[in-house]
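Hello,

Here is the structure you will be working with. Please open it first, then read the notes below it.

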Amino acid sequence: MLKRHLGIFLRGAGMGAADAVPGVSGGTIAFVTGIYEELIHSIKQFGPSAFVAWRRGGLPLLAVHLNLTFLLPLLTGIFLSLFSVAHLVVWLMEDYPQLLNGFFFGLVAASAVVVSRHPADWKWWHLLPLAGGLLLAHGLPSLMPLVTQLGNPDLVLVVGGAIAISALLLPGVSGSFLLLTMGLYGTVMEGIRGFDLGLIALFGVGCLIGLFGFSRLLSWLLRHHHTATLQLLVGFIIGSLPVLWPWRELVRYQLGPEGQMIPLDYRYLTPTGFAELTGEPARLLAVTALILAGAALVLLISWANRSAGPDASRPENRRAAASGPPQGADKEEGSDA
């Protein structure tokens, strides 16, 4: 049990570190490490049915219903990583953006390969949700500056939190990058670093709204349209790769309400073209090494997950493991809408 808790904690730490980087999604880490569906279904358990479980069986049944043996070490890893990595990420983004993007480009590209393996029930029409994921991943950032037009700064923080946390649940969609395009990334990261309780509370309310609402939608989709939903998520992962390309030039942006730059569009360059245009070193060898290191890490994790159990990677077994509390708890509590 201790080994399982430690493994879940480390997965949470990886998710927190990924979510601190614009362009990377903690959902991708959850997907690659084999806990994605259990995470979605566990979050969905929070709601009226949790109160029913508590009334019927007290805290023990509530803990089983909410799958707290999974969620508590995971959330501990996420929050500790977010607070500890925030300083490091801000420094790397300012001084070594190419190296940081290179590592995560390799990580996300290998993730797309790992999760795009066709399940047994794959059909040609599953290309449609795959294409839909690609289009949404490409189009979402351009819509985010509209959030700043809400006017009220507190409302903007709440809505931004709801959108960012929903993106956390989507592999390939970076909550941090969406915050960046909303002009909120610097504000939120500085608030976390400075432990601004008012800002954290407003942002947290938005996160709770987005988390509980979006997790129910994803849980329903995974139960009723499993393969199509997986293909949609693969589209999101592939569609996020351009955001992480290490050699790029910002060609279109707008200024947020506080004068911060909100990126809207990039031009993607070769390493040589980048060096000639910007006059900065392309760091080709270092970036390439980090791309390979990120890809190798994902492949190693995938191999470890497959080695843990011969049937662990099968979708039907993942659904059974993540579908809710064991030992007949569903019979006691009734269905969870």
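The protein chain exposes about 16,500 Å². Carbon and sulfur atoms supply 69% of that area. Accessible areas come from the Shrake-Rupley method with a 1.4 Å probe, and for residues only the protein chains shown count as cover.

A word on the source. This is a predicted model, where local features need pLDDT of at least 70 and side-chain atom pairs count only at pLDDT 80 or more, while totals for chains, interfaces and linings use all residues. Residues are numbered from 1 along each chain as its sequence is written, and side-chain values use heavy atoms, with hydrogens and water left out.

Now the overall picture. The protein chain has 16 helices and two strands. Both are DSSP runs numbered from the N terminus: helices are H or I with at least four residues, strands are E with at least two. The chain holds 337 residues, and 47% of them are buried. Buried means under 20% relative accessible area, exposed means over 50%, and partly exposed lies in between (1.4 Å probe, protein chains only). Take the contacts between residues at least 6 apart in sequence: 76% of them join residues at least 24 apart. A contact means heavy atoms within 4.5 Å.

Next, the surface. Which residues make the nonpolar patch of about 510 Å²? They are Leu75, Phe79, Phe83, Phe195 and Leu197. Such a patch joins nonpolar side chains (Val, Leu, Ile, Met, Phe, Trp, Tyr) within 5 Å; its residues have over 30% relative accessible area and no salt bridge. Helix H5 (residues 68-95) gives the most, with three residues. Phe79 lies in helix H5. Phe79 is partly exposed, at 46% relative accessible area.

Last, the charges. Side chains of opposite charge can pair when their charged atoms come close. A salt bridge puts a side-chain nitrogen of Lys or Arg within 4 Å of a carboxyl oxygen of Asp or Glu. How many salt bridges does this rule give? The count is two.

- Arg4 pairs with Glu38, with the closest N and O atoms 3.4 Å apart. Arg4 is in helix H1 (residues 2-19) and Glu38 in helix H3 (residues 36-44), 34 residues apart. Arg4 is partly exposed at 39%, whereas Glu38 is buried at 17%.
- Arg267 pairs with Glu249, with the closest N and O atoms 2.6 Å apart. Arg267 sits in strand E2 (residues 261-268) and Glu249 in strand E1 (residues 248-255), 18 residues apart. Arg267 is partly exposed at 41%, and Glu249 is partly exposed at 24%.

Best wishes

How values were computed: Patch = residues over 30% accessible without salt bridge, like charges linked within 9 Å, V, L, I, M, F, W, Y side chains within 5 Å.
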